[in-house]
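Please read this briefing alongside the sequence and the coordinates.

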Amino acid sequence: MSAGEETLPKPPRYHISMPRINEVPFTNIVTFLKVVDSGSFSAAARELGVTQSTASRRVVELERRLDVRLIERTTRLQLLTEAGARYAEKVRAIIVELAEAEAELSQHRLDAQGPLRVSISSGFGRLAILPALLEFVRSKPLVQLDIDLSDRYVDILNEDFDLAIRLRPPETTGLQGAALGPRINLWLCASPDFLNTNPIADSADLTDRRCIVQRTYAPRIVWDFTEAGTQKRLSIQPRIVINEIEAIHQAARVGIGAAILPEFMVSDDVSKGHLIRILPNLEFPDFQFHMVWPSHKEALSRLRILRNHLAQKFL
């Protein structure tokens with residue numbers, strides 16, 4: 001330490017002591033590496049768009065700061081010293097890492113912006129998927145999300161959707177898919193008041209106008225299930241037909257009839273006694289959400305980020 005030079009206070013133990021980078025101008029390091037790579041000050045100056053004297057001055061300043069000669073100069077040659085070779089190797093690795101970090105951040109900014117058109121169902125989608133999409137919007141303010149919330153089976157390719165959440169994997173050429181989350185069980189439930197006046201002792205009791213049936217393209221009046229290891233099929237005479245799963249849930253809670261509902265929707269009601277799971281020995285086919293997207297949009301960065309976000313939320 002030179003006489004009169006001020007000393008910095010010793011940093012706390014949890015801090016990493018950093019060099020005073022402002023004393024080593026970044027341009028001086030870059031210029032030094034350019035001289036090494038090009039083989040001369042004149043060539044380095046041309047590539048950097050500066051004068052030869054400027055390039056030389058920058059390297060001299062760097063040597064003075066490091067108190068070591070990096071390049072031996074003669075009237076005809078510039079030779080890299082042993083110290084210069086070691087320094088070039090070290091700082092080159094740092095420069096590469098800085099460039100990679102900057103590129104990654106720039107790419108991240110580009111990834112997280114732009115429009116995305118997503119299709120989810122008005123029932124399952126609104127309850128299970130929409131909260132995760134809204135969280136994504138909050139975390140990615142430069143993404144413009146266009147959500148189609150309906151039970152129609154959208155044509156992903158012809159209607160230019162980026163992503164759809166469906167209950168089955170893709171079956172059409174030009175689409176890719178991935179399962180989303182664990183498989184979801186279905187429970188047969190009814191309210192205590194309904195069961196007091198409409199007891200259901202076995203599966204045969206389901207056929208006579210005691211059930212709430214969901215309609216998609218047509219009422220689902222045929223129920224498939226497994227009972228005691230045997231596959232069975234019932235034709236239902238519904239008490240009411242509704243096309244939206246949350247409305248079916250509400251109808252079951254107020255005592256309209258028995259309904260098949262996803263476990264995630266009714267488990268809290270069952271634990272609180274608002275609904276009763278009936279005939280638990282009946283096993284209805286479970287299901288799983290699937291993300292489906294156009295194959296030609298596989299590399300779309302913002303779509304990949306959204307898929308990763310949803311996959312993480314439904315682990």
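Helix α8 is followed by Gly273, a residue whose phi is positive, near 85 degrees; helices (H or I, at least four residues) and strands (E, at least two) are DSSP runs that are numbered from the N terminus. The model is a predicted one, in which local features need pLDDT of at least 70 and side-chain atom pairs count only at pLDDT 80 or more, while totals for chains, interfaces and linings use all residues. Residues are numbered from 1 along each chain as its sequence is written, and side-chain values use heavy atoms, with hydrogens and water left out.

**The chain as a whole**

- The secondary structure of the chain comes to nine helices and 15 strands.
- Of its 315 residues, 38% count as buried, where buried means under 20% relative accessible area, exposed means over 50%, and partly exposed lies in between (1.4 Å probe, protein chains only).
- Among the contacts in the chain with a separation of 6 or more, 70% come from residues 24 or more positions apart, a contact being heavy atoms within 4.5 Å.

**Helix α8**

- In helix α8 (residues 263-272), the buried residues are Met265, Val266 and Asp269.
- Seen down the axis of α8, these buried residues fall within an arc of 55 degrees, so they line one face of the helix; the arc is that of the directions from the helix axis to the C-beta atoms.
- The elements against which the buried residues of α8 pack are α5, β7 (186-190), α7 and β12.

**The largest pocket**

- The largest pocket has a volume of about 1100 Å³, and 39 residues line this pocket, of which Phe124, Leu167, Gln214, Thr216 and Arg220 lie nearest its centre.
- Two or more residues of the lining come from each of β3 (114-120), α5 (124-139), β5 (163-166), β8 (212-214), β9 (222-227), α7 (245-253), β12 (259-262) and β15 (287-294).
- The lining divides into 23 nonpolar, eight polar and eight charged residues, with Ala, Val, Leu, Ile, Met, Phe, Trp, Tyr, Cys and Pro counted as nonpolar, Asp, Glu, Lys and Arg as charged, and the others, Gly among them, as polar.
- On a 1 Å grid over the protein atoms alone, a pocket is an open set of points where a 1.4 Å probe fits, with protein on both sides within 12 Å along at least five of seven lines, and lining residues have an atom within 4 Å of a point.
- Grid points are joined across faces, edges and corners, and the volume is the space filled by probe spheres set on the points.

**Helices α2 and α3**

- The buried residues of helix α2 (residues 41-48) are Phe41, Ala43, Ala44 and Ala45, and what covers them includes α1 (26-38), α3, β1 and β2 (78-80).
- Phe41 is buried, with a relative accessible area of 5%, and, leaving aside neighbours within four places in sequence, Phe41 is in contact with Val35, Gln52, Ala55, Ser56, Val59, Ile71, Arg73 and Gln78.
- Phe41 and Thr51 are 10 residues apart in sequence, and their C-alpha atoms are 9.2 Å apart in space.
- Helix α3 (residues 52-66) has 15 residues, which at 1.5 Å a residue should span 21 Å, and its end C-alpha atoms are 21 Å apart, which agrees; the expected span is 1.5 Å times one less than the number of residues.
- In α3, the buried residues are Thr54, Ala55, Arg58, Val59, Leu62 and Glu63.

**Positive phi angles**

- Most residues other than glycine have a negative phi.
- Just after α2, Gly49 takes a positive phi of about 75 degrees.
- Asp67 is not a glycine, yet has a positive phi of about 60 degrees; Asp67 lies in the loop between α3 and β1 (71-73) and is exposed, with a relative accessible area of 69%.
- Arg209, also not a glycine, has a positive phi of about 50 degrees; the place of Arg209 is in the loop between α6 (192-197) and β8, and at 52% relative accessibility Arg209 counts as exposed.

**Two further residues**

- Ser122 sits in the loop between β3 and α5, counts as buried at 12% relative accessibility, and touches Leu149, Ser150, Asp151 and Glu244, not counting residues up to four places away in sequence.
- Ile95 is found in helix α4 (residues 82-111) and counts as partly exposed at 21% relative accessibility.
- The C-alpha atoms of Ile95 and Ile29, 66 residues apart along the chain, are separated by 9.2 Å.
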